[in-house]
Amino acid sequence: MMQPDKTGAGRFCWVDLAATDVGLAKAFYAQLFGWTSCEQSANGGSFTRLQLSDQDVGSIYQMTNAHLDSGMPSHWTPYVRVADVDAAARRAALLGGEVVVRPFVVSGIARIALILDSVGALVGLWEPIKPNIGANGHGE
């Protein structure tokens, strides 16, 4: 079960599905694995928590029109828990990776970033939100 707030640093803690058709994907995984959906607001939009027996297994969100127009396919992104997403993103770049989405706050959930590792694989960095993190993503 995905428990990003309880997973130790350096371990996979979450997985997102960026979908070309959220409704179709939700129906597929409901029939395949029995996953249910729970909508959640974040950053002025929403995403869907995927659950099994009321426990999170990941999430799904609708890809942007720009991604759809460019022909990007649906894809899963695994996230690794880090103590400091900014430091981890900088370290990834120094080690030959590339930061493709700079660190940002997912409202009330985490600070995340997306990187390509040194061989071109996409992975997310996940730092759980601490209670004193403000809208700008930094301590107040």
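In this predicted model, Cys 38 is partly exposed, with a relative accessible area of 33%. Cys 13 is buried, at a relative accessible area of 1%. The cut-off for buried is under 20%, so Cys 13 falls in that class. Cys 38, at 33%, lies between 20% and 50% and is therefore called partly exposed. A search for disulfides across the whole structure finds zero.

The strands were examined next. Strand β2 covers residues 36-42, and strand β3 covers residues 45-52. These two strands pair in the antiparallel sense, over seven bridges. Within this pairing, Ser 41 stands opposite Ser 46 of β3. The hairpin of β2 and β3 has two residues between the strands. In that hairpin, Asn 43 takes a positive phi near 55°.

Strand β3 is also joined to β4. The two run antiparallel, with five bridges between them. Arg 49 has Ser 59 in β4 as its bridge partner. The hairpin of β3 and β4 has two residues between the strands. Here Ser 53 takes a positive phi near 55°.

Ser 59 was then considered in more detail. Ser 59 lies in strand β4, which spans residues 55-62. The relative accessible area of Ser 59 is 2%. This value is under 20%, so Ser 59 counts as buried. Neighbours within four places in sequence are left aside in the contacts of Ser 59. The contacts that remain include Trp 14, Val 15, Asp 16 and Leu 17. Also among them are Phe 47, Thr 48, Arg 49 and Leu 50. Trp 76 is in contact with Ser 59 as well.

Notes
Residues are numbered from 1 along each chain as its sequence is written. This is a predicted model: local features need pLDDT of at least 70, side-chain atom pairs count only at pLDDT 80 or more; totals for chains, interfaces and linings use all residues. Side-chain values use heavy atoms; hydrogens and water are left out. Helices (H or I, at least four residues) and strands (E, at least two) are DSSP runs, numbered from the N terminus. Buried means under 20% relative accessible area, exposed over 50%, partly exposed in between (1.4 Å probe, protein chains only). Contact means heavy atoms within 4.5 Å. Two strands pair if DSSP finds at least two bridges between them. A disulfide is a pair of cysteine sulfur atoms within 2.5 Å.
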